[in-house]
Amino acid sequence: MRLTSFYRAADGAHAVCESGSYMVLRNYFVCLIVVAGLLPGGAHAFAADFNGDGVPDVLWQNNSTAEVHVNYFGGSGGASLIGYNVLYPPGFSSGWHIIGALDMDNNGTPDVLWQNDNTGEVHVNYFGGPGGASLLGFNVLYPAGSTAGWTLIN
Ligand SMILES: [Ca+2]
Ligand SMILES: [Ca+2]
């Protein structure tokens with residue numbers, strides 16, 4: 001599964017493929033999505049199929065509380081919001097930011113990559129269960145300080 005990043009555009013709701021052509025939300029394997037007004041405050045989110053229905057779902061982290069939700073999409077063009085789950089309650093992930101959503105342990109459910117804002121430490125949190133919303137465990141990918149001087153490309 002590929003990582004797709006979502007960003008807010010300044011000039012209207014649209015999606016941009018990695019190839020540079022405009023595309024619809026549904027084709028998440030090849031598209032970088034830009035949706036005006038969907039991501040307030042410059043927050044950004046990641047898309048991956050958490051509930052395994054073949055339609056990408058969107059992760060959100062609240063700018064103030066660090067609460068993280070997964071929003072499930074479906075329907076025509078994968079453009080209907082059909083539900084959500086709370087992956088992390090308010091405050092749980094304070095001081096960390098999401099850098100990816102990929103199936104690291106190959107169990108069919110995307111896992112969440114986190115980087116510490118101060119130390120640069122990187123963890124993977126494994127998910128599973130109904131809707132892919134149950135935190136199963138974690139591992140350390142990079143210990144504190146080991147990513148100093150480097151910028152993640154995603
Ligand atoms: Ca889905
Ligand atoms: Ca997984």
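This note goes through the predicted model point by point, from confidence and overall make-up to single residues.

1. Conventions. Residues are counted from 1 along each chain as its sequence is written, while chains are lettered from A and ligands numbered from 1 in the order in which they are written. As this is a predicted model, local features need pLDDT of at least 70 and side-chain atom pairs count only at pLDDT 80 or more, whereas totals for chains, interfaces and linings use all residues.

2. Confidence. The protein chain has a mean pLDDT (the predictor's confidence in each residue, from 0 to 100) of 77, with 70% of its residues at 70 or more. Over residues 1-42 the pLDDT is below 50, although this stretch still has 79 contacts in the model beyond near neighbours in sequence; a contact here requires that the C-beta atoms of two residues, placed from the backbone, lie within 7 Å. Where pLDDT is low, the predicted coordinates should not be read in detail.

3. Overall make-up. The protein chain contains zero helices and 11 strands, where helices (H or I, at least four residues) and strands (E, at least two) are DSSP runs numbered from the N terminus. Of its 154 residues, 27% are buried, a class that needs 20 or more other C-beta atoms within 10 Å of a residue's own, with exposed meaning 12 or fewer, partly exposed the range in between, and C-beta atoms placed from the backbone. Among contacts with a separation of 6 or more, residues 24 or more positions apart account for 37%.

4. The four-stranded sheet. An open sheet is formed by four strands in the order β8-β9-β10-β11, with antiparallel pairing; strands count as paired if DSSP finds at least two bridges between them. Its edge strands, each pairing on one side only, are β8 (96-102) and β11 (134-142). Six bridges link β8 with β9 (residues 111-116) in the antiparallel sense, and W96 stands opposite N116 in β9.

5. The β10-β11 hairpin. Seven bridges join the antiparallel strands β10 and β11, and the bridge partner of V122 in β11 is Y142. The two strands β10 and β11 form a hairpin with five residues between them, and G129 in the turn has a positive phi of about 75°.

6. The largest nonpolar core. This core, a set of buried Ala, Val, Leu, Ile, Met, Phe, Trp, Tyr and Cys residues joined through C-beta atoms within 7 Å, has 22 residues, and those with the most contacts inside it are F46, L59, I98, V112 and W114. Two or more residues come from each of β4 (45-48), β5 (57-61), β6 (68-74), β7 (80-88), β8, β9 and β10 (122-128), and β6 gives the most, with four residues.

7. A66, in the loop between β5 and β6, has a positive phi of about 70° although it is not a glycine, and A66 counts as partly exposed because it has 18 C-beta neighbours inside 10 Å. N106, in the loop between β8 and β9, has a positive phi near 60°, and N106 counts as exposed because it has 8 C-beta neighbours inside 10 Å.

8. The C-alpha atoms of L141 and L113, which are 28 residues apart along the chain, are separated by 8.9 Å.
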